[in-house]
Structures are given as C-alpha cells and as structure tokens.
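We will walk through it one stop at a time.

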Amino acid sequence: MSSSTPLSGVNQPLRGIALVVVATFLFASHDALSKFLGGVYPVVLVVWARYVVHTLLMAGIFLPKAGLNVLRTNRPVLQTLRALCLLSTSLLFTTGLQYLPLAEATSVNFLAPVLVTALSAPLLRERVTVGQWVAVVLGFVGVVVVVHPGGAMFTPAILYPFGSAMGFCFYQLLTRLVSAHDSPTTSNFYAGLCNTLVMSVLVPFFWELPRWDHALLMLALGGFGMSAHLLLTQAFRHAAPALLAPFSYCQIVFAGLLGLLIYGQVPDDASLLGISIICLSGLGAAWMQRKR
C-alpha cells in the first residue's frame, strides 16, 4: 500500500487502473516473500535487505539523471518521521505475518485509510462528515468480526498488523504534508535511504548469512517493493486518487490467492465477512472523500 497525489493530466483512467492492479499484485507478492523469509531469518535482516535493494535500485534509476538533487528536501524532519513510520509498518507487519494468515493480516493492515479519515480531523483539522465517521466505525467492526472471540485470529499477534496499520496511517498523513514541498521521487528515495541507514545499524546484531537462493529472494523482495511504489506514482499521473482507491483493495484478493497457493491458508466464513466489511468501509470513506 501507498499514498500519493495526482501529478499531471488525469486523462487515462484505464492505464491508471491497470498500473494500480499490477502494483497491488507486487505488494502482495512482496508480503508473501516476507512471510517466507521471516520464517527462516530474523525479521530485522529481511527488512534491512528490502530497504537496501530498494535504495540501490532507486539510486541506479534516478541518480544518473538528477544527481544528489533528488535527495534535497524542504522538510527533512517531516521526511525522516515519514520514513520511520514506514519502517515501523514494515517491521510490525513482517513480524505479524509469522503468526497470522496472509489475507487476514493484509485486511487488518487496510484499516490505514479508515484511520487516516479518523485522525485527519484532530491532526490536519479537516472536517469529517457523519458518513465518514460511520465508515470508520464500520472498519473497526470488520476487524472485530475477523478477530471474533474463539476464532483462530483471536490472539495477541493481531496487534502486529493493527500497529502496522497505525504506522501506515501516520505515514499517509505525513505524505500529505510533504507532498506540497517535495516530489514523490524525493520522498520515496529519502524514505528508502533513511530506513537503510537505520536498519544497517541494527542488522549486525541479527546477522545470518543467507543461502544463495534466499539471497535472490531478498533481491526480489526489494525489487517488488520499489517497483510497486514506482507503479503507484505513475498510476496517479493518469487518474485521480479517488478513482484509483477502490482498486487498491485488489491487494487483499491477491494476498488471499497467494496465501492459498503458497501456504494453503483458507479464510473461514467469519474472516471473509470481516474482510468484506473492512473493504466496504475503506471504499465508503474513499467515495465520500471523492464527493467532497
């Protein structure tokens, strides 16, 4: 998942939708790989590899054209906080995947857009309508249904994707603030570099030499993450965010399919109902934001 703003002409909606769908597949594939690698190696090592590859690929693509100007930001403090929020999301979600099915964890993480609606009132002083508050409540109802007492998801581990959703919520709110001052390329590059430096300090304490085939998977992990973010940036060049928002929920569908194919995980009826409620709440919030 990511957040951006329209950059230029929004006159090719089908291309924008196609780019978002491909991006959500890459995000789901990224999470499926994270689940596998996190079960073999320390989560800190996996997240470090993801950001190192992300940053090196970004450097290879953008530094030859823009030089170090791509790292110049007008809001370094906000950019650093934004990067750390994304890092907390990565660490918490990857940890949660070690205990929870892929589809259910992804759906709880998709509370982030609903949380953005709830927190935009006190933090950004935006007016939130009654309908939007209904969507917020509906989103939490969906989580309660997924985590229903007595079910397989009724475990403290559910706090990991919920914490991840909170981190991604603040990441999106900070993205709104920095988008008026820095380009999406600068924001993505800065976040990758900042998180690479932070994780490089931590990774020596968790270091394990990966097998060569697992090292290739770590390269793919970073490539999937960076490519998905770049595709989202391109998608918002072709269509408005309000139009594209519903298609971001394809990630939950892809997560369910990958969870079934790779891990043999099938959501029960209650989880499917809760996932549907979370999706409806997010779609409702996006639709009402579009009307405004």
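**Before you click.** This is a predicted model, in which local features need pLDDT of at least 70 and side-chain atom pairs count only at pLDDT 80 or more, while totals for chains, interfaces and linings use all residues. Residues are numbered from 1 along each chain as its sequence is written, and side-chain values use heavy atoms, with hydrogens and water left out.

**Stop 1: the annotated span.** Select 15-147 and 157-281, which an unreviewed UniProt entry lists for "domain: EamA"; such annotations may be inferred rather than shown by experiment. Residues 15-147 are 80% helix and 0% strand; helices (H or I, at least four residues) and strands (E, at least two) are DSSP runs, numbered from the N terminus.

**Stop 2: the largest core.** Now select Leu100, Leu102, Leu111, Val146, Ile158 and Ile252, which touch the most other members of the 31-residue largest nonpolar core. Such a core is a set of buried Ala, Val, Leu, Ile, Met, Phe, Trp, Tyr and Cys residues joined through side-chain atoms within 4.5 Å, where buried means under 20% relative accessible area, with a 1.4 Å probe and protein chains only. Helix α5 (112-124) gives the most to this core, with 4 residues.

**Stop 3: a pocket beside Ile252.** Ile252 also lines the second largest pocket, along with Ala103, Ile275 and Cys279, among others. Its volume is about 170 Å³. Here a pocket is an open set of points on a 1 Å grid over the protein atoms alone, with protein on both sides within 12 Å along at least five of seven lines, and lining residues have an atom within 4 Å of a point. A volume is the space filled by probe spheres set on the points. α11 gives the most to this lining, with 5 residues.

**Stop 4: two cavities.** How many cavities of 30 Å³ or more are there? The count is 2; a cavity is a set of points where a 1.4 Å probe fits but cannot get out. For the largest, of about 290 Å³, select His30, Asp31, Thr89, Ser90 and Phe93, the lining residues nearest its centre. α3 gives the most to that lining, with 5 residues. The second largest cavity has a volume of about 50 Å³, and its lining includes Arg50, Tyr51, His54 and His229.

**Last stop: a loop.** Finish at Asn69, in the loop between α2 (43-66) and α3 (76-96).

Terms used
Buried means under 20% relative accessible area, exposed over 50%, partly exposed in between (1.4 Å probe, protein chains only).
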